[in-house]
Amino acid sequence: MARTARLRYDNGIAIYLEVLDAERNLFSAEQSLLEVRATDLQNSVSLYTALSGGVRTG
């Protein structure tokens, strides 16, 4: 979407505000993806620990 908005702007079809809006939406989606990946990694560690794969102390 951001690439399309940029192409539309470069060809005089769209205003720059549309480019900024598309880039903001892209950034928000990328942030959400990183949050989901982090949660997935945290859940993997929790599962491993729950299945007695954690470090034993004592």
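Colleague: Why is Glu18 called partly exposed in this predicted model?

Modeller: Its relative accessibility is 37%. Partly exposed covers values between the 20% limit for buried and the 50% limit for exposed, so Glu18 counts as partly exposed.

Colleague: What makes Arg8 and Glu18 a salt bridge?

Modeller: The closest N and O atoms of Arg8 and Glu18 are 3.9 Å apart. The cut-off is within 4 Å, so the pair counts as a salt bridge. Arg8 lies in helix α1 and Glu18 in helix α2, so the pair ties together parts that are 10 residues apart in sequence. Arg8 is partly exposed, with a relative accessible area of 34%.

Colleague: Which residue forms a salt bridge with Arg6?

Modeller: Arg6 pairs with Glu23, with 3.3 Å between the closest N and O atoms. Since Arg6 belongs to helix α1 and Glu23 to helix α2, this pair ties together parts 17 residues apart in sequence.

Colleague: Why is Arg24 called exposed, whereas Asp21 is called partly exposed?

Modeller: Exposed requires over 50%. Arg24 has 55% relative accessibility and therefore counts as exposed; Asp21 has 32% and therefore counts as partly exposed. Arg24 and Asp21 form a salt bridge, with their closest N and O atoms 2.2 Å apart. Being 3 residues apart in helix α2, they are separated by about one helical turn.

How values were computed
Residues numbered from 1 in each chain as written. Predicted model: local features only at pLDDT ≥ 70, side-chain atom pairs only at ≥ 80, totals over all residues. Heavy atoms only, no water. Salt bridge = Lys/Arg side-chain N within 4 Å of Asp/Glu carboxyl O. Helix = DSSP H or I, 4+ residues; strand = E, 2+ residues; numbered from the N terminus. Buried < 20%, exposed > 50% of the residue type's maximum accessible area, 1.4 Å probe, protein only.
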